[in-house]
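Hi everyone, thanks for coming. Let me put the structure up, and then we can walk through its pockets and salt bridges together.

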Amino acid sequence: MSGIDRRSLYEWCKVPADELERHPRRRVPFRMVADSAAMGALMARELVAEIEAANAGGRELRAVVPCGPSSWYEPFTALVNTRAVSLKRFVVYHMDECLDWQGRELPRAHPYSFRGFMEKYFYEPVRAELAVPEENRFWLTPSTMETVREVIHAHPPQVTFGGWGQDGHIAYNQARRHPYSAITLEELSASSIRIQENNWDTVMALAQRTFGAAWQFVPPLSVTLGIRECLSARKVRLFSDTGAWKQTALRVALFSEPTAEYPMTLLQKHPDALLTATVETARHPVSLHPEWDLGLGDA
């Protein structure tokens, strides 16, 4: 059962996309870009700039890095290769990983093997002399969970890059809807690395995106960094170019008070968080149809 007031949700969703960046009731900084290509190029430039600044200062850059949005990998590796940006001091904390029903890693060629995807599109295209050292790649699996937790708590990331889900999840920190174990906002804020069952709507979102709605092929479990790890970075930068599935979560993140129903509303408590979305993701059907009567008179 949703705790979001429907009248409030209607007011948030009817705001035109071109008013979001400067809206007076916006609770989190927001910027809008034209399309997926523009967003991927921006994301790549910003991560490369962070790496170059760390290299210039002789420092490590520790970053939480997602397996998506996917539009930034090619421009990122192109920038690294053409500008000869060394990734030797780049420490990568991988954000999450999908698992089968027994909690095992998926085959690397599975569309939801994040490690398989990252090895192919994030690591392999980089020139060998520039590449991230193997020991700086922290993969999240059931067998590495405790080691990764200890490393991140001892050496927090300087920046977290990522996307968000249809329920506003950051990494796989989904809205917990179990009828017998509800969690508070404070518990969500303190959540750490864990294995969990994926919500039904997450399964259907992935099924629609990749498998023509064949939910039978979607991995049912995941291992994820917690909100505690993701928001421990000095900067948090979340991006989305996947349109309809993310439109309402964006509006809730921008206008709602923090709520465990939409984990990304916790960004309001972070001192340096920024959301970026494409025009398609920033638009909302309600904002495009002011003539709709949604029957909210008795809501």
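The lining of the largest pocket divides into 16 nonpolar, 10 polar and four charged residues, where Ala, Val, Leu, Ile, Met, Phe, Trp, Tyr, Cys and Pro count as nonpolar, Asp, Glu, Lys and Arg as charged, and the others, Gly among them, as polar. A quick word on the source: this is a predicted model, with local features needing pLDDT of at least 70 and side-chain atom pairs counting only at pLDDT 80 or more, while totals for chains, interfaces and linings use all residues. Residues are numbered from 1 along each chain as its sequence is written, and side-chain values use heavy atoms, with hydrogens and water left out.

Back to that pocket: its volume is about 690 Å³. A pocket here is an open set of points on a 1 Å grid over the protein atoms alone, where a 1.4 Å probe fits, with protein on both sides within 12 Å along at least five of seven lines; lining residues have an atom within 4 Å of a point. The volume is the space filled by probe spheres set on the points, which are joined across faces, edges and corners. Helix α7 gives the most to this lining, with five residues; helices (H or I, at least four residues) and strands (E, at least two) are DSSP runs, numbered from the N terminus.

Now, which residues are the closest to the centre of the second largest pocket? They are Arg176, Arg177, His178, Glu197 and Asn199, out of 15 lining residues. That pocket has a volume of about 390 Å³, and β7 gives the most to its lining, with three residues. The lining divides into four nonpolar, six polar and five charged residues.

Arg177 also takes us to the salt bridges, defined as a side-chain nitrogen of Lys or Arg within 4 Å of a carboxyl oxygen of Asp or Glu. Arg177 pairs with Asp201, the closest N and O atoms being 2.7 Å apart. Arg177 lies in the loop between β6 and α6 and Asp201 in helix α7, so the pair ties together parts that are 24 residues apart in sequence. Arg177 is partly exposed at 47% relative accessible area; buried means under 20%, exposed over 50%, and partly exposed in between, with a 1.4 Å probe and protein chains only.

For contrast, look at Asp100, bridged to Arg104 at 2.7 Å between the closest N and O atoms. Asp100 counts as buried at 14%, whereas Arg104 is partly exposed at 46%. The count comes to 15 salt bridges.
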